[in-house]
Amino acid sequence: MKHRKNRCATRQPMYPNAADPRYFQEKSMNIFAAILSGTGALTAMLFFVTMA
């Protein structure tokens, strides 16, 4: 009987509860979105102040 090898190998963390690389990607995208929305809100406020 042949043994099937598990081809879907998962990477084990270096230590327990270690964050995977996807966590840091999502965190950086959230920071980028916050900066972008803050810049947009500031631009809108400056636009409205200059129109008044």
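The largest pocket in this predicted model has a volume of about 190 Å³. A pocket here is an open set of points on a 1 Å grid over the protein atoms alone, where a 1.4 Å probe fits, with protein on both sides within 12 Å along at least five of seven lines. Its lining, meaning residues with an atom within 4 Å of a point, is made up of R11, Q12, P13, M14, A18, A19, D20 and P21. Sorted by type, that lining gives five nonpolar, one polar and two charged residues.

One of those lining residues, D20, also forms a salt bridge with R22, with the closest N and O atoms 3.5 Å apart. The term covers a side-chain nitrogen of Lys or Arg within 4 Å of a carboxyl oxygen of Asp or Glu, and a search of the whole structure turns up one. R22 is exposed at 53% relative accessible area, since exposed means over 50%. D20, at 36%, is partly exposed, the class between 20% and 50%.

Now look at N17, in the segment before α1. Its phi is near 65°, a positive value in a residue other than glycine. Most residues other than glycine have a negative phi. N17 is exposed too, with a relative accessible area of 81%.

Finally, follow helix α1, residues 21-51 (a DSSP run of H or I, at least four residues), to M51, which is exposed at 59%.

Residues are numbered from 1 along each chain as its sequence is written. Local features need pLDDT of at least 70 and side-chain atom pairs 80 or more, while totals for chains, interfaces and linings use all residues, and side-chain values use heavy atoms, without hydrogens or water.

Definitions and conventions. Points joined across faces, edges and corners; volume = space filled by probe spheres on them. Nonpolar A, V, L, I, M, F, W, Y, C, P; charged D, E, K, R; others polar. Helix = DSSP H or I, 4+ residues; strand = E, 2+ residues; numbered from the N terminus. Buried < 20%, exposed > 50% of the residue type's maximum accessible area, 1.4 Å probe, protein only.
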